Amino acid sequence: MRQLYRLYYRSSQTPSIVSDLDSVVQQIVKSSIRNNKDDGLTGLLLTIQGCFLQTLEGPVDSVRNTYARISCDRRHRDPHIIFQGPVEKRLFSDWNMCARSLAPTDKAILDVINAKGKFNPASLTPQSVHDLLTAVAKIQRRTALDTPLTAI
Ligand SMILES: Cc1cc2nc3c(=O)[nH]c(=O)nc-3n(C[C@H](O)[C@H](O)[C@H](O)COP(=O)(O)O)c2cc1C
């Protein structure tokens with residue numbers, strides 16, 4: 001079996017997309033689902049206070065090649081890898097890609113990473129980004145039936 005790999009990164013949304021963020025994210029998710037299905041990738045994309053936080057997991061070559069393509073995308077800038085490495089199992093296997101937006105008022109979520117009401121992307125650690133994304137994945141699973149989804 002091919003090595004399973006996971007990557008977490010953060011980036012800043014390009015200011016020009018912010019006014020139209022929902023439809024930009026929908027376009028991203030649409031092409032991500034199509035490509036990621038072919039590449040055996042699963043993951044989650046968060047938008048939070050002008051930032052993207054994303055995880056990609058799957059075969060190591062697919063993760064690396066997809067991240068290389070994503071990092072050149074002009075809809076965001078300054079991508080920083082927070083964690084990458086081999087893993088035992090998938091944590092986001094429900095979605096080839098799914099987007100969820102977090103508001104500054106999502107206190108329960110920000111508490112998970114001890115953000116005390118303020119989200120500072122630069123202070124994210126591998127552990128805090130892991131805790132945040134897995135907490136959001138849990139909520140996404142719980143609310144998928146009654147919330148309109150960006151992902152299909
Ligand atoms: C924040 C962000 C996340 C993205 N995530 C993915 C992804 O998971 N998979 C993917 O194929 N493309 C992703 N993209 C889009 C790629 O950068 C690129 O536009 C796309 O893969 C091109 O494929 P297409 O020609 O099939 O549309 C993302 C772009 C951005 C800005």
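Biologist: Does Asp78 count as buried or exposed?

Modeller: This is a predicted model, and the reading rests on counting neighbours. Asp78 has 10 C-beta neighbours inside 10 Å, so it counts as exposed. Asp78 sits in strand 4, residues 76-86.

Biologist: What is the phi of Asp78?

Modeller: Start with the general idea. Most residues other than glycine have a negative phi. Asp78 is not a glycine, yet its phi is positive, about 50 degrees.

Biologist: Which residue in the hairpin of strand 2 and strand 3 takes a positive phi?

Modeller: Gln49 does, with a phi near 45 degrees, and that hairpin has two residues between the strands. Gln49 is not a glycine either. Gln49 lies in the loop between strand 2 and strand 3. Its count is 14 C-beta neighbours inside 10 Å, so Gln49 is partly exposed.

Biologist: How do strand 2 and strand 3 pair, and over how many bridges?

Modeller: Strand 2, residues 42-48, pairs with strand 3 in the antiparallel sense over seven bridges. Ile48 stands opposite Cys51 of strand 3. Strand 3 has another partner in strand 1, residues 4-13, and that pairing is antiparallel over nine bridges. There, Tyr9 stands opposite Gln54 of strand 3.

Biologist: How should I think about side chains along a strand?

Modeller: In a regular strand the side chains alternate between the two faces of the sheet.

Biologist: What share of the 152 residues is buried?

Modeller: Buried residues make up 30% of the 152 residues in the protein.

Biologist: How many residues does the largest nonpolar core have, and which have the most contacts inside it?

Modeller: The largest nonpolar core has 29 residues, and those with the most contacts inside it are Val29, Leu44, Leu45, Leu46, Leu133 and Val136. Strand 1, helix 1, strand 2, strand 3 and helix 4 (126-143) are the elements that give two or more residues to this core. Helix 4 gives the most, with five residues.

Biologist: Which residues is Leu133 in contact with, leaving aside its neighbours within four places in sequence?

Modeller: Leu133 is in contact with Tyr8, Leu44, Leu46, Leu53 and Thr55.

Biologist: Where is Ser128, and how far is it from Val60?

Modeller: Ser128 is in helix 4. Ser128 and Val60 are 68 residues apart in sequence and 23 Å apart in space, C-alpha to C-alpha. Ser128 has 15 C-beta neighbours inside 10 Å, so it counts as partly exposed.

Biologist: Where is Ile17, and which residues is it in contact with?

Modeller: Ile17 belongs to the loop between strand 1 and helix 1. Leaving aside neighbours within four places in sequence, Ile17 is in contact with Val24 and Arg75. Ile17 is partly exposed, because 16 other C-beta atoms lie within 10 Å. From Ile17 to Ala103 the separation is 86 residues in sequence and 17 Å in space, C-alpha to C-alpha.

Biologist: Which residues are closest to the ligand?

Modeller: The closest are Ser31, Ser32, Asn35, Asp73 and Arg75, and 16 residues surround the ligand. The shell divides into six nonpolar, seven polar and three charged residues. Helix 1 (21-39), strand 3 (51-59) and helix 2 (60-71) each supply at least two residues of the shell. Helix 1 gives the most, with five residues.

Biologist: In what order do the elements of the protein run?

Modeller: From the N terminus on, the order is β-α-β-β-α-β-β-α-α. That comes to four helices and five strands.

Biologist: What share of the contacts between residues at least 6 apart joins residues at least 24 apart?

Modeller: The share is 78% of those contacts in the protein.

Technical notes
Residues numbered from 1 in each chain as written. Predicted model: local features only at pLDDT ≥ 70, side-chain atom pairs only at ≥ 80, totals over all residues. Near = placed C-beta within 6 Å. Nonpolar A, V, L, I, M, F, W, Y, C, P; charged D, E, K, R; others polar. Pairing = 2+ DSSP bridges. Buried ≥ 20, exposed ≤ 12 C-beta atoms within 10 Å, placed from the backbone. Contact = placed C-beta atoms within 7 Å. Core = buried A, V, L, I, M, F, W, Y, C linked by C-beta atoms within 7 Å.
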